[in-house]
Amino acid sequence: MTEYSKGLEGVIAAETEMSFIDGKKGVLEYVGIPIGELSANSTFEETVFLLWNKKLPKKGELAEFTAQLRDRYAPPEQILDMIRTLPKEAGTMHVLRTVISALGMHDDDANANDLEAARQKSLTILAQAPALVAAFDRHRKGRDYIAPDPSLTFAENFLYMLNGKKPTETMARAFDICMILHADHGLNNSTFTARVVISTLSDIYSALTAAVGSLRGPLHGGANEGVMVMLNEIPTVADAEKYVMEKLANKDRIMGFGHRVYKAKDPRATDLQKLAKKLAEDTGNTDLYEKSSKIEEIMEREVGSKGIYPNVDFYSATTYHCIGLELDLFTPMFALSRLGGWSGHIIEQLTDNRLFRPGAKYVGPHDQPYTPVEKR
Ligand code: SDX
């Protein structure tokens, strides 16, 4: 057994060819391509192809992959019927977790987890998840379901199904960039969860359902929602100093800051900051951006020396808000994108599997007598 490391901090638990992270320098690459290059030049569909195939697609390969995805946009009617029975006040990540699990019940060979099955199922789940999130949001608002439009990109189609009208080019591109930036990130908690589950040769639906459950947590994907709550709690930019200093004094975590791996600014935060600034100016939300950059300035001064910087969740909150997404849709957005990374890791795990089974350091007593209940 190796030494005990709480939270597996510093432990390497898998090999991957998808994301490379240099936490000290704040570097993230997908299959060796710097994340800034991809967010500036790629699309979510192309990025998923890259992650799954470890290379950028040729024109024909991208066209075929995109067509396969669009052919699967429409979810099973039975799942849409199920969504209409869900309580309108159900948590959005609970709904996503439930519907991904339910998709498995409408898949005749749900338990198949050979590589081709994993790839095909991943494609179907990735293609259908946006319609399921949009369907629930419209259900809870008493609006009719809007069927996917296979002439639209992944990003355009989600915003269309959610809002009932096609998004502007600016909003569709902003959402596409968010999807690129959230797609994969090494062995984060939810990805590790997916790999742990599939390592027992369980099915992909179980692995992805578990991953959604992990991502919901406020220490992980749920932080983007927490950032927005914080921004709404701070009345004006001038109030940020007092708010942050009080939180830090109470040893509270400032959502959207800190990272187990990054001890420099998360490069995704840098990209999202640019996007948030532009969208905030375009949509009259400059107060959100100004509060965010003020909080960043205070945190840099107070805890920058401890390696605590903005992570991916900090500026994604303002970005998602400016795109017009409601607060409790922020983490589901993270999940829609991360379905790409989770699936890639499931395929990698199945390619060279070894059951995950770490040890536990026993710290309890030994040689204890069994005391009959009358004498306890
Ligand atoms: C994501 O792993 C990934 O790759 C995840 C992710 C991905 O793409 O999948 O990047 C996405 O999950 C980003 C993280 C989103 N979470 C948050 O923003 C929640 C707030 N952040 C913290 O809870 C924290 O920074 C974690 C959970 C992200 C990381 O925590 P660690 O590595 O366990 O570090 P820690 O909690 O032990 O903190 C170390 C020190 C502590 O101070 P001391 O007790 O040593 O004096 O740093 C302080 C903490 O108090 N600290 C913070 C802080 N984060 C750490 N202080 C104030 N605010 C914070 N946000």
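Author: Start with the two domains. In this predicted model, the centres of domain 1 and domain 2 are 26 Å apart, taken over C-alpha atoms. Domain 1 covers 18-217 + 334-351, and domain 2 covers 223-323. Where they meet, domain 1 puts 25 residues into the contact and domain 2 puts in 24 residues.

Now to the ligand. The shell holds 25 residues. The closest are H185, R253, H259, R260 and R268. What kinds of residues make up the shell? There are 10 nonpolar, seven polar and eight charged residues.

Look next at the oxygen atoms of the ligand. One of the closest residues, R253, has an N or O atom in its side chain 2.6 Å from a ligand oxygen. For R338, the side chain places an N or O atom 2.8 Å from an oxygen atom of the ligand. For H220, the corresponding distance from a side-chain N or O atom to a ligand oxygen is 2.9 Å. How much of the ligand does the protein bury? Taken alone, the ligand exposes 1,000 Å², and the protein buries 77% of that. Two elements give two or more residues to the shell: α15 (312-323) and α16 (330-351).

Now turn to G217. Domain 1 has the segment 18-217, and domain 2 has the segment 223-323. G217 sits in the loop between α10 (204-215) and α11 (223-233). Which residues does G217 touch, leaving aside its neighbours within four places in sequence? G217 is in contact with G222 and A223. L275 gives a sense of distance. It is 58 residues from G217 in sequence, and the two C-alpha atoms are 25 Å apart in space.

Last, the sheet. Three strands make an open sheet in the order β1-β2-β3, with antiparallel pairing. The edges are β1 (19-22) and β3 (33-34). Each has a single partner strand, so one side of each is left without a neighbour in the sheet. Take the strands pair by pair. β1 and β2 run antiparallel and are joined by four bridges. Within this pair, S19 has Y30 in β2 as its bridge partner. The two strands form a hairpin with four residues between them. In the turn, G26 has a positive phi of about 70°. Then comes the other pair. β2 (residues 27-30) pairs with β3 over two bridges, again in the antiparallel sense. There, E29 stands opposite P34 in β3.

Back to the part you asked about.

Definitions and conventions. Residues numbered from 1 in each chain as written. Predicted model: local features only at pLDDT ≥ 70, side-chain atom pairs only at ≥ 80, totals over all residues. Heavy atoms only, no water. Pairing = 2+ DSSP bridges. Near = heavy atom within 4 Å. Polar contact = N/O pair within 3.5 Å; in protein donor to acceptor, adjacent residues only side chain to side chain. Areas by Shrake-Rupley, 256 points an atom, 1.4 Å probe, with all protein chains shown as cover. Nonpolar A, V, L, I, M, F, W, Y, C, P; charged D, E, K, R; others polar. Domains from an automatic or database assignment. Contact = heavy atoms within 4.5 Å.
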